[in-house]
Amino acid sequence: MNFKQIEKYAKENNIPIMQKTGIEFLTKYINDNNIKNILEIGSAIGYSAIKMALANDKVKVTTIEKDDDRYLMAIKNIKEFDLDKRITLVHADALDINLEGKYDLIFIDAAKGQYIRFFDKYSKNLAKNGVIISDNMEFHGLVEQEERIASKNLRQLVNHIRDYIEFLKSNAEFNTTFYKIGDGISVSLRNE
Ligand code: SAH
Ligand code: MG
């Protein structure tokens, strides 16, 4: 599939790939900051991993996906873009495995209820001067919305994101900036 087809497939199958403006921000960040090694948590069908790898040909991406079907689809898409040398797909629950590598950028885009755990677990894999970027910090504008959200699941999800935002704001080891780009992006830099 090409990008248009991946975007269409994602829409039709409710696969929450990054919004265009969000992924543009990310690829620009990669190029502006000379990012080479990236760890992504939550590959889905490989869209953002492929986009990041195409930022420039020095970029290497390791990306973790737990869902069988999405993993298989991601493998296929990465092959079709001829990026299997620069993208390593790991089929696992990110909370069940341990990686040895150090990464300049860790991109968190998986289960919203586990963002704090992903952050705590993988910050040991962050290279010196590395950055942790997280997606969906606004969740379609619901995070800043005051009204009661009718669905219990959605309310829970939004509360998880709010907890994560508080966690980032109160984290003394990292300095976080929140951007109203895409579905909301946070950029957490480790204090020197
Ligand atoms: N980054 C992708 C979208 C990811 S959607 C893109 O923009 O193209 C989130 C994905 O995270 C889903 O496919 C889901 O299966 C996966 N996921 C959720 N929790 C996970 C976990 N604990 N470990 C690995 N993958 C996880
Ligand atoms: Mg996302």
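This is a predicted model: local features need pLDDT of at least 70, side-chain atom pairs count only at pLDDT 80 or more; totals for chains, interfaces and linings use all residues.
Me: What makes a residue count as near ligand 1, and how many residues surround ligand 1?
Reply: One of its heavy atoms must lie within 4 Å. Here 22 residues surround ligand 1, with Met18, Gly42, Ser48, Glu65 and Asp109 the closest. Helix H3 (47-53) and strand E2 (60-65) each supply at least two residues of that shell; helices are DSSP runs of H or I with at least four residues, strands runs of E with at least two.

Me: Why is the approach of Ser48 to ligand 1 called a polar contact?
Reply: A polar contact is a pair of N or O atoms within 3.5 Å. A polar side-chain atom of Ser48 lies 2.8 Å from a nitrogen atom of ligand 1, so the pair qualifies. Arg70 qualifies too, with a side-chain N or O atom 2.9 Å from a ligand oxygen atom.

Me: Why is the pair of Phe3 and Tyr47 called edge-to-face?
Reply: Rings of Phe, Tyr and Trp (its six-membered ring) pair if their centres lie within 6.5 Å, and planes over 60 degrees apart count as edge-to-face. Phe3 and Tyr47 are 5.8 Å centre to centre with 90 degrees between the planes, so both conditions hold. Phe3 is in helix H1 (residues 3-12) and Tyr47 in helix H3, 44 residues apart.

Definitions and conventions
Residues are numbered from 1 along each chain as its sequence is written. Chains are lettered from A and ligands numbered from 1 in the order in which they are written. Side-chain values use heavy atoms; hydrogens and water are left out. A polar contact is a pair of N or O atoms within 3.5 Å; within protein, one must be able to donate a hydrogen and the other to accept it, and residues adjacent in sequence count only if both atoms are side-chain atoms. Rings of Phe, Tyr and Trp (its six-membered ring) pair if their centres lie within 6.5 Å; planes under 30 degrees apart count as stacked, over 60 as edge-to-face and the rest as tilted.
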